[in-house]
Amino acid sequence: MKLLRPALLTLTCLFAQPVLSNDLPSLGDASSGIVSPEQEHLLGRAWLSLLRGQVSQLSDPQLKDYVEDSVYRLAETSRLEDRRLEFVLLDSPQLNAFAAPGGIIGVNGGLFIYAQTEAEYASVMAHELAHLSQRHFARGLEAQQRMQLPMMAAMLAGVVAAAAGAGDAGIAAIVSTQAAAIQAQRRFSRQNEQEADRIGIVNLERAGYDPRAMPSMFGRLMRQYRYDQKPPEFLLTHPVNESRIADTTNRAEQYPPGGAQDSLRYQLMRARTQLKFESTPGVGAKRFRAMLNENPQMDAARYGLALAQIKAGQLADAGESLAPLLSKAPDDLSYNLAQIELDITSNRLQQAQTRLQRLLQLYPGNYPVRQMHIDLLMKQGETQKAERELEQLAEQRSRDPDIWYQVAEVRGLSGNIVGLHQARAEYFALVGDYDQGIEQLDLAKRRAGNFQLAARIDARQKQLIDEKRSVDEMLR
């Protein structure tokens, strides 16, 4: 992991504030007036851009699409009023998830590995949404004024480092602070974690999940890591003990049984993630074969095996693995995308195109399908068509740095140098490097062929300059 920049640390110090009182204030109290929801929104976007510039992220369209869909589903039944959410998926096998002010939801890839069912995954996300709905950031601002800044900065450096995956560094920074500050943070954590658990359980039930999944996951994690000197990051920021498990169990048992526990789509996403963090495709294939030997009807394991075989170049075997899945569920999105990936890898481009056209009709506007269409166009040498498709996708996902990175690459290949610099500027702005973004627009202006284009570029450059000034003011 890259070293955290001072700007990221400073901005984070504004977010994770301790609460010293045992009473939970209502959302209408004075602390809520210190920072408005719109200020939280702007702070959150600034923090997200800085975080993106510091840590590696997962760019898998299917994983991103699943997280976005599932969290929005939970948000519909939550207490969250401002649902302008943004997501960041961290490329880490560690168990972790977090929420930042302004609707920022962070998920480590490791959450899919540790959460064995969709209900367990949803219990974590419902908990994080509760942090947002209760505006724990705004409610902690008053307490911030009673805590020495150097003490808080040292502690929060560890919190941010842990969130970014530097477990040892994060722990060391936290334990090096004074005992009083640590105790204040623990009180803050207990109070807010308890409230987030309570509201999260209500949200789980309303969204159609079994709320018992929350204490079930907590209990399994506590048993698994009770004596572990290096527990997952999630357990460092969300401490689990017998009292917390008992409390969530009692609350969950108040609801009648019958909520959803799992889904095939979640298990397919788990398989994708498990393969991502295996050392080699061969090791992944071995894991999925063992699962199939134990349960030959486990479709998610067969799907994971097919993906591993594609990555290992065992294309005929991959086709044999996918065939029964497609026969059973011919319209399944993930199975069809895997078959298209296999066809592209095998240079069966016409077959890939025929299947993809059918998917575009079945799932119009779907992000993973559109992304696969762009990949196929590039493989076919249709660079200009791919550029047009990417530009449309960028309109739909204008705050996705992965999309702008691709736009820049494709524009470079098509000879659109002005557009390349414009796309790079958008990418750099989204990862918090405004200086680079502004410089890229300078390069674009020099190559602009007419006054109208130069004027549009100049207007966008002034917007980035204003954004940079706003972020700098926040950090003072």
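Residues are numbered from 1 along each chain as its sequence is written, and side-chain values use heavy atoms, with hydrogens and water left out. Because the model is predicted, local features need pLDDT of at least 70 and side-chain atom pairs count only at pLDDT 80 or more, whereas totals for chains, interfaces and linings use all residues.

Asp299 belongs to helix α16, which covers residues 299–311; helices here are DSSP runs of H or I with at least four residues, numbered from the N terminus. Asp299 counts as buried at 15% relative accessibility. The classes of accessibility are buried for under 20% relative accessible area, exposed for over 50%, and partly exposed in between, with a 1.4 Å probe and protein chains only. When neighbours within four places in sequence are set aside, Asp299 is in contact (heavy atoms within 4.5 Å) with Leu264, Leu325, Lys328 and Tyr335.

Charged side chains also pair with one another. A salt bridge is defined as a side-chain nitrogen of Lys or Arg within 4 Å of a carboxyl oxygen of Asp or Glu, and a search of the whole structure finds 34 of them.

One of these salt bridges is formed by the side chains of Arg411 and Glu387, at 3.8 Å from N to O. The pair links distant parts of the chain, with Arg411 in helix α22 (residues 401–414) and Glu387 in helix α21 (residues 383–396), 24 residues apart. Arg411 is buried, with a relative accessible area of 11%, and Glu387 is buried as well, with a relative accessible area of 10%.

A salt bridge also joins the side chains of Glu426 and Arg460, at 2.8 Å from N to O. Here, too, distant parts of the chain are linked: Glu426 lies in helix α23 (residues 417–430) and Arg460 in helix α25 (residues 451–475), 34 residues apart. Glu426 counts as buried at 15% relative accessibility, whereas Arg460 counts as partly exposed at 22%.

Helix α25 also holds Lys468. The side chain of Lys468 meets that of Asp435 in a salt bridge of 3.8 Å, N to O. Asp435 is in helix α24 (residues 434–447), so the pair ties together parts that are 33 residues apart in sequence. Lys468 counts as partly exposed at 23% relative accessibility.

Salt bridges can also share partners: in this way Lys64, Glu68, Arg397, Asp400 and Asp402 are joined into one network.

Definitions and conventions
Helix = DSSP H or I, 4+ residues; strand = E, 2+ residues; numbered from the N terminus.
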